[in-house]
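Take a slow walk through this protein model. Keep the sequence and the 3D view side by side as you read.

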Amino acid sequence: MDPDFIDWAEQKIDHISTAEKERHGDQSTVYRLVTQKGDYFLKIAGNLSKEKERLEWIKDKLPVPKVIGFTNIKGNDALLISAIDGIDLAKLAKQCSGDKIAEKLAEVLRLFHSVPVKNCPFGVSGPGKVLIHGDACLPNFIFKNEIFSGYIDLGDMRIDSPEIDFAAAIWSLKYNLGPGYGKKFLTEYGITNATEELAERLRLRYEDMQKEWGLK
């Protein structure tokens, strides 16, 4: 447990009945904080100001967690955010067909990429560039009763090539569902020349990015 951070969070929200540590894929420690009025997430890491800034910029444009509080304690940032009701696409994949998951992933990424980038401070706009999620893997998209609820883990959101999100999405589809869904995803997104070869090229691109990040 991280009592200093939990105590700080409790000053921001109603009495915390439970604080459960979550399994998480990035470099953060994450707690789900349960209260009578709802759930929250407390993220603890060396630098969470990027995610805070992005959540505050995008909050009126797309469904994302609300920033409740932000502080730094003993050299680590703490970001307290509201929980989005539902389950992520990786968990939903246990209930739905792979084709449906690929369709839903394409749908939510099209929506994300359609956000106007005028006055966006995260990157430089140019031909072929859009607002990207930055880590478009299945666990970062939340659905309730198969209806989209919102986006999470937006610390890498920026203006960039949509292929960066395609690469993460296709890699995640294979990781969670097995091979064969990359082309389906690209076609559903609207890529007219989608092929298995293109999908594999993009998937390998994400593996290369993981190596650059020191994750492989």
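Is K66 buried or exposed? The relative accessibility of K66 is 57%, so K66 counts as exposed. Keep in mind that this is a predicted model. K66 sits in the loop that links α2 (49–58) and β4. Look back along the chain to L55, eleven residues away from K66. The C-alpha atoms of K66 and L55 are separated by 7.3 Å. Beyond its neighbours within four places in sequence, K66 is in contact with L80, I81 and S82.

S82 deserves a stop of its own. S82 belongs to strand β5, which covers residues 76–82. With a relative accessible area of 18%, S82 is buried, because buried means under 20%. The side chain of S82 reaches back to K66: the distance to the backbone nitrogen of K66 is 2.8 Å. Not counting residues up to four places away in sequence, S82 touches D39, Y40, P65, K66 and I68.

Now widen the view to the sheet. Five strands make up an open sheet, in the order β1-β2-β3-β5-β4, and their pairing is antiparallel. At the edges stand β1 (16–22) and β4 (67–73), each with a single partner strand, so one side of each has no neighbour in the sheet. On average, neighbouring strands of this sheet are turned by 20° against each other, direction ignored. Pick out β2 (residues 29–35) and β3 (residues 38–45). These two strands run antiparallel and are joined by seven bridges. Across from V34 stands D39 in β3.

Strand β6 (residues 87–88) pairs with strand β8 (residues 141–144) in the antiparallel sense, over two bridges. Here D88 has I142 in β8 as its bridge partner. β8 is also joined to strand β9 (residues 147–151), again antiparallel, by four bridges. K144 has I147 in β9 as its bridge partner. Two residues lie between the strands in the hairpin of β8 and β9, and N145 takes a positive phi near 55° there.

Positive phi values turn up in loops too. N119 has a phi near 70°, a positive value in a residue other than glycine. N119 lies in the loop between α4 and β7. With a relative accessible area of 68%, N119 is exposed. D153 is not a glycine either, yet its phi is positive, at about 55°. Look for D153 in the loop between β9 and β10.

Next come the helices. Does the length of α5 agree or disagree with what its residue count predicts? Helix α5 (residues 162–177) has 16 residues, which at 1.5 Å a residue should span 22 Å; the end C-alpha atoms are 22 Å apart, so the two agree. Buried in α5 are P162, I164, D165, F166, A167, A168, A169, I170, W171, S172 and L173. What covers these buried residues includes α4 (98–113), β7 (130–132), β10 (158–160), α6 (182–189) and α7 (196–212). Just past the end of α5, G178 takes a positive phi of about 100°.

One of those covering elements, α7, can be read the same way. Its 17 residues should span 24 Å at 1.5 Å a residue, and its end C-alpha atoms are 25 Å apart, which agrees. The buried residues of α7 are L198, A199, L202, R203, Y206, E207, M209 and Q210. Among the elements that cover them are α5 and α6.

Last, look inside. Which residues have the most contacts inside the largest nonpolar core? They are I58, L105, L131, F141, F185 and L186, in a core of 53 residues. Follow L105 as an example. Not counting residues up to four places away in sequence, L105 touches L89, A136, L138, F141, A169, L173 and F185. A second, separate core has 14 residues, including I6, W8, Y40 and I44.

Technical notes:
Residues are numbered from 1 along each chain as its sequence is written. This is a predicted model: local features need pLDDT of at least 70, side-chain atom pairs count only at pLDDT 80 or more; totals for chains, interfaces and linings use all residues. Side-chain values use heavy atoms; hydrogens and water are left out. Buried means under 20% relative accessible area, exposed over 50%, partly exposed in between (1.4 Å probe, protein chains only). A polar contact is a pair of N or O atoms within 3.5 Å; within protein, one must be able to donate a hydrogen and the other to accept it, and residues adjacent in sequence count only if both atoms are side-chain atoms. Contact means heavy atoms within 4.5 Å. The expected span of a helix is 1.5 Å times one less than its number of residues. Two strands pair if DSSP finds at least two bridges between them. Axes are lines fitted to C-alpha atoms, for helices over the stretch in contact, and angles run from 0 to 180 degrees between N-to-C directions. A nonpolar core is a set of buried Ala, Val, Leu, Ile, Met, Phe, Trp, Tyr and Cys residues joined through side-chain atoms within 4.5 Å.
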